[in-house]
Each structure stands twice: as structure tokens, then as C-alpha cells.
Amino acid sequence: MTDQAAKNASQQETNGIVTRRRALMMGAVGASAVVSIKPALAQTAGSVLNCEIPIPGNHVSGGYIAPDGKIVPPDTPGAFAPQGRTYSGEEVKRAMRGSSLPGTSYEESQAYVNYVRRLQYGQSGFTCYASLQMPR
């Protein structure tokens, strides 16, 4: 083996050790990330169920809610007066699966759920609604 060949072999071996060390370090970092992410996800899941959606939100006052979820003037036939309260993420999630929101008739609850489905970024309750849509 020539001097140059020996140096190349030694360099490759050293690179292999560095690469393995680097891989082990990355594995350790990855494992700690998993450990720290799992509690965060559990906390997020709990907060999703405790978040609140005002119906109607602060961006609309004095309007009633039509069966399709739109905000309409109070004199609109078939529209429902707002309850003046917020609903938890858990209550809304159950209502989206067919139950009624507490204190509402089935039709009124469906109008409120349609209102929630129409929420857009920047409106009160949108972040809570968006978090209900995320898969677990």
C-alpha cells in the first residue's frame, strides 16, 4: 500500500466515524424531539376541546343566524336569534356530528353549526373551529 493509499484509507475511516457520530447525534436529537412533541400534542388536544366559539362572533352584532349560517337582519323569516353565549370546542364538535348545541332546538343548532362552518380567518372562533378540523 502506498503512502497516498494509506492516507486515503485513513481519511475514509475517519469520515466514516464522523458520519456515524453525526448520525448518532441526530438520532439523539430526534428522540428528544419526539419526547417533547408528544406532551405538546396532548396539551393541544385538550385545549381544542376547551376553546370557545362565540355565536355570533364579535365581528357581527345585532344579526340573526339564517338556517344556512349567514348573518341576516333580525326581521328575516326563519332566522334564529343569537343565544348570546359561547360554545366549547367539544360542544361544537358533537353538534357537527349530529347532536344539538346545549339550549337549542335541532334546527337552531344546525343553523349555528352552519355559521361556524362559514367562519373565516380573523373572525372570532375561527382558530377554535380550524383546530377542530385537524386530524389527530
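User: Which residues does Ser109 touch, not counting residues up to four places away in sequence?

Analyst: The model is a predicted one. In it, Ser109 touches Ala95, Ser99, Ser100, Leu101 and Thr104, with residues up to four places away in sequence left out. Ser109 itself lies in helix 3.

User: Why is Ser109 called buried?

Analyst: Buried means under 20% relative accessible area. Ser109 has 0% relative accessibility, so Ser109 counts as buried.

User: What makes helix 2 roughly perpendicular to helix 3?

Analyst: Helix 2 (residues 89-96) and helix 3 (residues 106-117) pack at an angle of about 110°, and their axes are 10 Å apart. Angles of 65 to 115 degrees count as roughly perpendicular, so helix 2 is placed in that class relative to helix 3.

User: Which residues of helix 2 and helix 3 meet?

Analyst: From helix 2, Val92, Ala95 and Met96 take part; from helix 3, the partners are Ser109, Gln110, Val113, Val116 and Arg117. Sorted by class, this contact has 5 nonpolar, 2 polar and 1 charged residues.

User: Where is Gly84 found, and why is Gly84 said to be buried or exposed?

Analyst: Gly84 is in the loop between strand 3 (71-72) and strand 4 (85-88). The cut-off for exposed is over 50%. Gly84 has 72% relative accessibility and therefore counts as exposed.

User: What separates the C-alpha atoms of Gly84 and Pro56?

Analyst: A distance of 7.6 Å separates these C-alpha atoms, while Gly84 and Pro56 are 28 residues apart along the chain.

Definitions and conventions:
Residues numbered from 1 in each chain as written. Predicted model: local features only at pLDDT ≥ 70, side-chain atom pairs only at ≥ 80, totals over all residues. Heavy atoms only, no water. Axes fitted to C-alpha atoms, helices over the stretch in contact; angles between N-to-C directions. Helix = DSSP H or I, 4+ residues; strand = E, 2+ residues; numbered from the N terminus. Parallel < 35°, antiparallel > 145°, perpendicular 65-115°, else oblique. Contact = heavy atoms within 4.5 Å. Nonpolar A, V, L, I, M, F, W, Y, C, P; charged D, E, K, R; others polar. Buried < 20%, exposed > 50% of the residue type's maximum accessible area, 1.4 Å probe, protein only.
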